[in-house]
Amino acid sequence: MHPAVRPRHVIVKGLVLFALFEWIFLALPLDLGWLNLYRGPLLARQRFPTSTHPSTDAALDVGNLDAMFASHILARPKAADELRVLVLGDSAIWGFLLQPQETLPAQLDALGLTCNGKRLRFYNLSYPRSSATKDLMILDKALSYQPDMVVWMLTLYTLMPKTRLDHWLITQNPDEFYRLDERFHFLPQNYPRPTLLDRIAAKHRALFRVLRYQLYAPLHLATGTDQIQEQYEVVPRVLSDDLTFEGLRPPTLSKKQLSLDQVEDLHQLAGRMPLLLVNQPILILQDVPNSDLRYNAYYPRWVYDQYREHLGQAAEQEHWRYLDLWDLFPPSYFTNTPLHLNPQGERLLAQAMAPFILQACP
């Protein structure tokens with residue numbers, strides 16, 4: 001005769017087992033890099049995955065840094081005759097509206113630069129949306145892949161204080177985010193730490209996104225493209241007379257309103273490795289209404305000019321390697337934003353940067 005089933009005992013046991021499983025899941029380090037179908041020459045990615053058409057390619061919003069690096073060509077064994085150059089930046093460097101071979105890192109790689117008898121190989125570790133914290137997190141992960149040099153492309157948005165906290169990769173990698181803050185202390189005092197439920201939810205979310213990303217691999221293999229491409233609308237040549245920028249009002253931008261401390265953090269993280277800062281080109285409109293007030297739809301003149309002044313002074317005082325290419329191109333080289341260049345612009349930008357990269361060569 002079978003013993004009577006006691007529903008309350010079954011429920012309690014189930015809850016205990018569930019809690020035990022969740023505790024183990026939380027306690028163990030969750031390195032999802034091993035879960036990777038993107039190996040080999042056909043699937044290894046030249047740039048990090050990110051969704052450009054959310055309703056169609058949401059699987060490319062992986063977020064987990066371990067999985068993103070595992071599918072990147074940087075994860076391949078380092079060749080004996082190469083020096084690895086990491087290129088950090090935002091969507092302009094990642095290459096929105098561009099094929100991988102048209103992006104700035106690929107154009108730099110195509111130049112065939114050499115240093116001390118070794119080939120400089122450029123790796124696109126950029127990710128959309130400007131954020132110094134995001135770049136700090138990516139560089140921290142990349143150090144295990146034997147880099148030799150870093151090129152950091154930045155603009156005013158990169159150093160805005162809000163972007164040290166406001167980026168999607170931060171929410172997807174909370175453990176890495178807080179570990180970096182313990183080293184560099186870039187968070188405000190009394191910044192709330194994640195709760196137990198937050199940490200559990202983050203791990204479940206990471207596992208789901210990585211599994212979904214693996215299911216996207218056959219589509220990548222079948223199409224031979226890493227992103228969906230589409231036609232774009234040229235950035236409007238119309239400017240507002242609004243002089244505010246991210247809540248800031250003219251006439252003065254102080255140094256404290258820029259995250260210059262995070263530039264120093266990234267230098268500390270790079271250590272002895274050469275690091276070249278490049279203020280990337282922006283669209284400069286002229287002879288249109290309000291072009292005397294604004295350079296483009298993103299930047300009023302007053303705030304951008306003072307940003308350049310502060311960054312240039314800090315670079316000189318701290319002896320940073322710094323290259324300012326903000327006004328390199330006329331408007332015809334820009335596509336759908338004041339930062340995105342067409343393929344010809346990326347090629348010319350690579351050529352302009354090459355001599356300075358060689359000067360910093362390790």
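Mentor: Helices (H or I, at least four residues) and strands (E, at least two) are DSSP runs, numbered from the N terminus. This is a predicted model, in which local features need pLDDT of at least 70, side-chain atom pairs count only at pLDDT 80 or more, and totals for chains, interfaces and linings use all residues. Residues are numbered from 1 along each chain as its sequence is written, and side-chain values use heavy atoms, with hydrogens and water left out.

Trainee: In what order do the strands of the open sheet run?
Mentor: The 6 strands are ordered S2-S3-S1-S4-S5-S6, with mixed pairing; two strands pair if DSSP finds at least two bridges between them. S2 and S6 (321–324) are the edge strands, each pairing on one side only.

Trainee: How many bridges link S1 and S3?
Mentor: S1 (residues 82–88) pairs with S3 (residues 118–124) in the parallel sense over 6 bridges. Val 87 has Asn 124 of S3 as its bridge partner.

Trainee: And in which sense do S2 and S3 run?
Mentor: They run antiparallel, joined by 2 bridges, and Thr 114 stands opposite Arg 119 in S3. Their hairpin has 2 residues between the strands, and Asn 116 takes a positive phi near 50 degrees there.

Trainee: Moving on, how much space lies in the largest pocket?
Mentor: About 320 Å³. A pocket is found on a 1 Å grid over the protein atoms alone, with a 1.4 Å probe: an open set of points with protein on both sides within 12 Å along at least five of seven lines, where lining residues have an atom within 4 Å of a point. The volume is the space filled by probe spheres set on the points, which are joined across faces, edges and corners.

Trainee: Which residues lie nearest its centre?
Mentor: Of the 17 lining residues, those are Gln 46, Ile 73, Asp 109, Arg 121 and Phe 122. S3 gives the most to the lining, with 4 residues.

Trainee: Then the nonpolar core: which members touch the most others?
Mentor: In the largest nonpolar core, of 103 residues, they are Leu 159 and Met 353. Helix H12 (residues 301–318) gives the most to this core, with 7 residues. Such a core is a set of buried Ala, Val, Leu, Ile, Met, Phe, Trp, Tyr and Cys residues joined through side-chain atoms within 4.5 Å, and buried means under 20% relative accessible area (1.4 Å probe, protein chains only).

Note on methods
Buried means under 20% relative accessible area, exposed over 50%, partly exposed in between (1.4 Å probe, protein chains only).
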